[in-house]
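Trainee: Could we go through this model together, one contact surface at a time? I would like to start where two chains meet.

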Amino acid sequence: MKRVQFTINGDLYEREIHEHRTLLHVLREEIGLTGTKEGCGAGECGACTIIMNGVPINACLVLAVEADGTEIETVEGESKSGRLSPVQEAFDRHHAVQCGFCTPGMLMTIKDLLQRYPKPSREQIIEGIEGNFCRCTGYEQIIEAVLDATGQLEEKGEIKHA
Amino acid sequence: MLEQIPAAELRYVGKRTPRIDAKEKLTGQATYVSDMVLSGMLYARVKTSPHARARIVSINTEKARKLPGVRAVVIGEELDYRVGLYVVDKAILARNEVRHYGEAVAAVAADSIEIAQKAVDLIDVEYEVLKPVLHPLDALKDDAPLVHPNLGEYDYMEAAFTPKPGTNIANHTKLRKGDVEKAFEEAEWTIEREYTNPSVQHVPMETHVAIVKWGYDDEVTIWSSAQSPFTLRNLFCTAFRLPHRNVRVIVPHVGGGFGGKAGIGIEPLVAVLSKKAGGAPVKLTATREQEFSLLPCRSQLTYRIKTGVSKDGKILGQKMTMYWDSGAYADYAVNVTRASGYSAGGPYEIPNAQVDAYTIYTNKPFGTAYRGFGHVEFHWGLERHMDLIARAIGMDPLEFRKRNALREGSTSLTGEKIRANTGSILKCLEAAESAVGYGTLTEAEKARQEKTGMKIGKAVVGLHKAPAMPPFTATAVILRMNEDSTVTATLSLTDYGQGTYTSIAQMIAERLGFPIQKVKIAFESDTDHDPYDWQTVASKGLLLSGNAAILAAEDLLKNAYEIAAQALRCQVVDLDHDAEKIFIRHHPESSVTFRQLAIGYCYPNGNSIGGPLIGVGRYIAQGLTHLDKDTGQGLPALDWTYGAHGMIVEVDEHTGEYNVLKVASVFDVGKVINPDAVRGQAIGGMLQGLGTATCEGYIYDQEGHLLNPSFTDNKIPTAKDLPLEVESISVETPQIDGPYGARGVGEHSMIAVAAALGNALQNATGAQITHMPLRFEDVWRAIQRREPVDNWITKSPYGSCRSAPEVQRHQQQEC
Amino acid sequence: MTHEFSYHAPGSLDEALALLSEYGEKAAVLSGGTDLLVNIRAGLSRPEYVIDIKKIPELKALSYDPEDGLHIGACVTVNELLEYEPIAESFAVLYAAGAELATHQLRHRATPVGNIVTASPCGDMSSPLLCLEAEVVIVSQNSTRRVALREFITGVKTTVLAPTEIVKEIFVPPTYAGAQAGYQKLKRIKGHDLGVVAVALVKHNGSFRIGINSAAPTPLLLPDFAAGTPVEEVQKAAAKAISPIDDVRCTKEYRAFMVGVYIERLMKEVGA
Ligand code: FES
Ligand code: FES
């Protein structure tokens, strides 16, 4: 067991943790922040994406002890003000959420993407979210939501009638 | 019939409406079973079989039981229960014999996941490895080992299925229409081909997970990431011989299902662990790897089609033989067989038809329901076949489809009359045709070919599917008015991402005339609190539960009007209402608010009438029949949703590499209730279909070991795999008995995508591929006319890797 | 992880090496963790001690000097490498291969050194670094040695590294700085995937060289070709050098074929 301290979404946490446990495990089961999900535990799906010290990482492949002293951002921080972030609002408008299991990781990936490219092109969005599997949406409405959140969506994705 | 209102007057139905569950999910606050922790909860792990077929000589659990923190260890021998959806053929843990790689042989519940895993590692199982039967066609041979020697003793649903004891046949579905042999004699051409697809995995992002608490007096509570709370309860009670009242199933948010979470899964295993641990709640979360082999997959299919065609390109007769690889247990595969059997001809008129569809046991992970319920698999063959016929007879493939498309006056394979209001496959085909500019290349496309050196090909395919369900499929919705006149609906159809709840909220708001903000659909399903629904499968939810919701809204209004009439001292016929109140039509100032009526109306002097306002809506499928077991004739279809995909691909003829440039998906949905939800289903399902078309599939070695049970070697599409352009188009031929004219579309988007790809690739290069998936290498081989790869289940007589030992060694060593 | 171990995060190289010499085979070195933690989870690796070397300042070193060459410390992540300007400017082949390695998230943890130490035939960094004649700087308690990368990897996931040693850095000589180069990788999907087969090409001073991944037990470097060597000749030499296998990812036939295709494409692209 090791005592660690980290900041999550601006709040300081101190915990006595098992050294072999992943940050994902500790976030979800010991701290109770279950917004971040586990889809594979092996760094392939991106469901566990969080931001640690300013960069997005797969929390399933980080030991919690490694996070000692870091600043962590998770989906729970996105609406801490009591309002959805612009990206969350756009996700809502565009049905970019279906089962919602990939959503928290996807949002954190996009948060980082927008820090790197405030107005990402469609290609940059696709490149950016490549590490996050979504089995439900087919990604299109997620891409549109990001374009919309950054003021770049010309035509709304209306359904076409034959 | 239910609520056909001119579009102009609709306020919510057909209008863009955000999902009612989106905010909860976007903030990370939605609770899934995988997020849940109960006090005193134990963690479970499972010991699985490393062999495809083996006799269990002994299991030694002593070391595991002695490990501190271990609260329960179970093995098959001590569990005298059998579970099964249609054929009751599965033990909770393997007894005496393991029948597939990855099958559960023992399980542990402990204080922590670490201890549970350690205990599992300490369990010693001695096996006598037996020769497995892996390919369904091998399993049909006389000398094939029997996967279930006791098949004759199992219970099964007799009205629908026909197992053959003494063989590996779990079911044989037959259909006979007209005289197919005579049709072949009259035909100008007969064309016969075989098409195959491998097993694939659903890959919901949330793996299967359940918490079970087996309480005192056999009161059992199950929290599960499941699609069908009531069917789960029913199967659970049957297996454990418990009264239904004893068992409560709770389903909170579910992280995707796609059919893989229908029926019953790991719950019985978790239940026996809880029971043995003295009633402590036990949680089992499948690992991603277990998702591929402990839990079921989609069946492999070998589909043989022989078609007789007249001189003018009309199908005269068709003989269809399906070999469905059930894997070790029958589960849903028998019903996939049945449902595919009766629609095996696709959206085309086939005057003389013969279908023989077999569900065959093999020693592989078992098959279950998967989005499309067999139709994704057989449309691969069928829609490839349509192209190959057209090419063989020198006709344009789309023209051939149109000529044979079902239309008003046609009869389906089961003898059902197709009517104008059934829907229009022709309109779907035509919309897809124009969306991809079928038959020609635009100037831009020609320029692109010049620039890239790749060849562009196009294809249009058709599809159809009806819900595969019993003729008595039923559901109910209860609508309660809250004190402030908002309403809360409860139902046990689950929304695991499809968005049906939002559509139902729109319909309730529409029918009540309330703003949608006043309508809540309770998300968690609970068999103790919610009314019955059969299952959330088959794309039937919107139609059946939508109708029930409308009926519930009407019932609530009727009850409200009755009390209002007393309060206002008038007749019900003179009443009308708006979002706030019920009033007398000719004296609108004489009114009573819903808020006054919500829990019962109270007169000024305190006398009260009514009571809490509740509306109940019940709906059961109308006019369906069982199918005749010898001829397959009858009425199985609640509704038919027709659809088409148009696809454009570019291919490097030298290497087989290709890019999907565009997919346009068209469905006759009857009526669009929620445009974004339809679009989400259309595109999401299309990409899932494209995944199985391009890269997904189980690969086994000669011993039946699954070689790719993880994301390392079973890829699914990423955002980069989305076609450059995707389009979703809706045709609206109202479904007369559908809510506001709607019919289901959840599964259809995945159907026939693979065939569109295969056909477009052939259109571009001439590559003739009849097996899936279509990896670059497969395309390259087809163009080069080389033998297809032997290491795919679909090609090899043993369903395996030629170089199995090397592969295994390589697998262990490689990243 | 369900496998338990104890965690150490030494603040200096000496401390780390002392731990390693004490624990030997029972210890595993953790840097990015994208292979180690995956292997522990899968039960393929069961260390009792995990030695995290990220707190050791000198292992974070990343520097380039046209005279001295490129130093990539053991804890430099792939993304840090990609963001380091001299890489895109002077080591195009590293840039191209690094950008193809796994996902953006993973590249924030994965390290080029880890990629080499794992020594998987499909490691994206290996054939590019072979082309650049990289050296591996290995330290132990009482010695430092430099091993040419070509000798460092000895087989499928095996290297010359002893359990008591740590790779301190990869050194890339300035020889090929500024060389035109390219990297082509066969994947099963367009999204992230390991290399089913991959080819790197570096052009330099009237000749060019080719490295190949996933086509033999170890990454390969072909002998230099003079500029203007016909494609067929290069393809033939490659075909002779490789020994691909059939596996669930691909057949040896297609692997061999695609090596030829990539050689042709890269020669065209780079103008070899
Ligand atoms: S759970 Fe971390 S990448 Fe899948
Ligand atoms: S919404 Fe279900 S996985 Fe993305």
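Predicted model: local features only at pLDDT ≥ 70, side-chain atom pairs only at ≥ 80, totals over all residues.

Trainee: Which residue of chain A meets C:Arg109 in a salt bridge?

Mentor: A salt bridge is a side-chain nitrogen of Lys or Arg within 4 Å of a carboxyl oxygen of Asp or Glu. The rule finds two of them across the interface of chain C and chain A. With C:Arg109 the N to O distance is 2.6 Å, and the partner is A:Glu66.

Trainee: Which three residues supply 30% of the area that chain C buries against chain A?

Mentor: Buried area is the accessible area (1.4 Å probe) that two parts lose on being put together, summed over both. Between chain C and chain A about 2300 Å² is buried, with 56% from carbon and sulfur atoms. The three residues that supply more of chain C's share than any other three are C:Tyr7, C:Gln105 and C:His192.

Trainee: How many salt bridges are there between chain A and chain B?

Mentor: Contact here means heavy atoms within 4.5 Å, and 52 residues of chain A touch 65 residues of chain B. The area buried between chain A and chain B is about 4900 Å². One of the salt bridges joins A:Glu127 and B:Lys720 at 3.2 Å, N to O. The count between chain A and chain B is nine.

Trainee: Now within chain C, which residue forms a salt bridge with C:Asp124?

Mentor: The domain assignment, which is automatic or from a database, gives domain 1 (6-52), domain 2 (57-175) and domain 3 (178-270) of chain C. Domain 2 and domain 3 of chain C have three salt bridges across their interface. For C:Asp124, the closest N and O atoms are 2.8 Å apart, and the partner is C:Lys185.

Trainee: What is the distance between the centres of domain 2 and domain 3 of chain C?

Mentor: Their contact takes 25 residues from domain 2 of chain C and 26 residues from domain 3 of chain C. About 1900 Å² is buried between domain 2 and domain 3 of chain C. Taken over C-alpha atoms, the centres are separated by 20 Å.

Trainee: In what order do the three strands of the open sheet in chain C lie?

Mentor: Strands are DSSP runs (E, at least two residues), and helices are runs of H or I with at least four, numbered from the N terminus. Two strands pair if DSSP finds at least two bridges between them; four bridges join strand 2 to strand 3 (residues 49-52) of chain C. The edge strands are strand 1 (6-8) and strand 2 (27-30) of chain C. The pairing is parallel and the order is 1-3-2.

Key. Residues numbered from 1 in each chain as written. Chains lettered and ligands numbered in written order. Heavy atoms only, no water.
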